[in-house]
Amino acid sequence: MISQTIADFTTLAIQSGGWMEMDRVYLQNRILGMIGETQLEAVETRQPPQTSTQLMDELVEVAKNNRRVGDSLSEQEIFEAQLMDFLTPPPSVVNAFFAQFYATDPKKATDYFYKLCKTNDYIKTRAIAKNIEFPAETEYGPLEITINLSKPEKDPKQIAQEKNAEEVHYPQCSLCMENEGYKGRSNFPARTNHRIIRMNLDGESWGFQYSPYVYYNEHCIILSEEHRPMEITKKTFDRLLKIVEVLPHYFVGSNADLPIVGGSILSHDHYQGGRHTFAMDKAPIEQTFSLEKYPNVTAGIVKWPMSVIRLQAKNKEELARAANEIFARWAVYSDEALEISAYSQDGTPHHTVTSIARKKEEGFELDLVLRDNNVSKEHPDGIFHPHKDVQHIKQENIGLIEVMGLAILPPRLASELKEVVHYLLEEKNEMAAYHQLWADQIKANQRITKENVNEIIKKEVGQVFVRVLEDAGVFKRDEQGQAGFKRFIATFAK
Ligand SMILES: [Zn+2]
């Protein structure tokens with residue numbers, strides 16, 4: 001039985017492009033040894049009826065019975081990644097395939113690499129399928145809501161192992177190039193089957209990889225070869241535009257480089273991209289304006305809950321210069337009437353941008369989302385951060401992905417929202433106290449039935465997400481805020 005599984009797995013390894021038919025006996029023996037078996041029976045060579053992950057599961061099962069794998073989650077993941085490494089050509093070969101496909105069509109290159117990363121289980125397709133996803137209709141178009149259930153829950157054994165794990169500083173972080181092929185530890189992900197595509201961005205060496213827990217189609221990460229902090233400069237805009245020129249079917253964006261308004265990793269310079277159209281991409285320009293120094297750049301304010309300036313141009317160098325000027329103006333801009341301050345009294349800077357680049361048929365597009373990470377007595381978590389009354393749904397940072405209209409909500413909401421539904425239907429429930437006010441408001445405003453309650457809750461979560469984004473917006477959508485936005489624009493527009 002297991003001999004057939006080993007033969008089938010070997011067939012997939014050879015088909016992956018990293019081995020030849022001559023390697024078959026060698027590969028089968030390597031796998032045989034890994035799972036702790038001693039002999040192979042003669043079986044047929046065929047196109048396997050199972051998927052790669054099904055075959056992997058069968059091999060892991062035998063290895064567990066033979067005590068070749070421990071019970072903890074990390075031990076199993078390390079073993080799985082080592083098995084799947086057979087289905088993954090070495091980095092030089094993956095890069096050569098990528099370049100070969102790229103020469104005919106950039107889409108074929110990313111298709112090849114994305115498929116490889118799914119087949120070898122580097123992208124955790126099965127875990128991602130557990131996420132709860134739904135669209136929520138709002139005044140800004142349909143926003144996307146995801147309750148993130150893909151990160152595996154840690155079992156007690158895992159937690160104990162992590163506690164006892166020795167402190168290691170290699171790789172320096174989870175975005176470093178040194179992750180490629182790294183075995184992993186109880187407190188660090190298994191990466192034997194991980195591959196990175198090398199990218200040259202105007203003379204600097206960068207890596208291109210997918211996210212193991214993709215939040216949207218072809219969610220990729222472009223990372224600096226050097227472990228250095230996130231920093232928004234003119235070069236950021238240059239690089240973003242260069243990346244969409246190289247991969248015109250992908251968008252790419254950069255998180256802000258300050259805490260509260262930045263992403264979860266500020267210590268390693270990186271961008272995120274992918275093949276997905278977010279609600280913000282489709283949001284129209286409400287009002288256009290001209291830039292004095294950049295006559296060939298079209299500029300406008302986007303109809304969006306956050307404060308977004310959209311720039312469009314044929315020439316990417318001119319576009320990057322225009323973006324950098326607006327960024328520089330914003331970095332020093334204050335408007336006390338709106339609680340907007342560029343610096344604290346001690347000189348700490350508070351202004352930065354989240355930026356997103358896209359390649360359009362007519363040229364390039366760059367969105368600059370103005371960010372401010374100040375805190376106040378009233379809003380100790382951030383003046384332009386989800387306020388207390390919406391934190392029962394979302395209290396985490398509003399990073400690049402949320403900014404564009406895709407909410408990544410914490411796993412606790414999967415069960416909590418079910419309790420809210422019971423409460424709304426006046427059934428027995430264990431609804432958390434912090435949802436009470438929200439639930440009562442929902443109840444007061446509409447007639448709730450068993451038939452419509454699920455739709456209502458989705459729509460209401462969408463409304464809270466709109467509020468979350470409005471809280472993160474520096475120039476509010478009211479008259480006073482929009483007048484403030486125009487005062488800022490007047491500092492560089494004609
Ligand atoms: Zn790093």
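Which residues have the most contacts inside the largest nonpolar core? Let's work through that and a few more exercises on this predicted model.

Two ground rules come before we start. Residue numbers run from 1 along each chain as its sequence is written. Because the model is predicted, local features need pLDDT of at least 70 and side-chain atom pairs count only at pLDDT 80 or more, while totals for chains, interfaces and linings use all residues.

**Exercise 1. Find the cores.**

Step 1: A nonpolar core is a set of buried Ala, Val, Leu, Ile, Met, Phe, Trp, Tyr and Cys residues joined through C-beta atoms within 7 Å. Buried means 20 or more other C-beta atoms within 10 Å of a residue's own, exposed means 12 or fewer, and partly exposed is in between, with C-beta atoms placed from the backbone.

Step 2: The largest core holds 96 residues, and Ile 222, Val 244, Leu 319, Ala 323 and Leu 368 have the most contacts inside it.

Step 3: zoom in on Leu 368. Skip its neighbours within four places in sequence, and Leu 368 is in contact (C-beta atoms, placed from the backbone, within 7 Å) with Val 308, Ile 309, Ala 323, Ile 326, Phe 327, Val 353 and Ser 355.

Step 4: look for another core. There's a second, separate one of 20 residues, and Ile 6, Ala 7, Leu 55 and Met 84 are among them.

**Exercise 2. Describe how H3 packs on H4.**

Step 1: locate the helices. H3 covers residues 52-65 and H4 covers residues 73-84; helices here are DSSP runs (H or I, at least four residues), strands are E runs of at least two, and both are numbered from the N terminus.

Step 2: take the geometry. The angle is about 125° and the axes are 11 Å apart. That makes H3 oblique to H4, since under 35 degrees is roughly parallel, over 145 roughly antiparallel, 65 to 115 roughly perpendicular and the rest oblique. The H3 and H4 crossing is right-handed.

Step 3: list the contact. H3 brings Met 56, Leu 59, Val 60 and Ala 63, and H4 brings Gln 76, Phe 79, Glu 80, Leu 83 and Met 84. By class, that's seven nonpolar, one polar and one charged residues.

**Exercise 3. Explain what stands out in the backbone.**

Step 1: recall the background. Most residues other than glycine have a negative phi, and most peptide bonds are trans.

Step 2: check phi. Arg 67 has a positive phi near 55° and sits in the loop between H3 and H4. Asp 121 has a positive phi of about 65°, in the loop between H6 (106-119) and H7 (125-128).

Step 3: Arg 67 is exposed, with 9 other C-beta atoms within 10 Å. Asp 121 counts as buried, with 23 C-beta neighbours inside 10 Å.

Step 4: check omega. A cis peptide bond joins Tyr 170 and Pro 171, with omega about -20°.

How values were computed
Axes fitted to C-alpha atoms, helices over the stretch in contact; angles between N-to-C directions. Left-handed = near helix turned anticlockwise from the far one by under 90°. Contact = placed C-beta atoms within 7 Å. Nonpolar A, V, L, I, M, F, W, Y, C, P; charged D, E, K, R; others polar.
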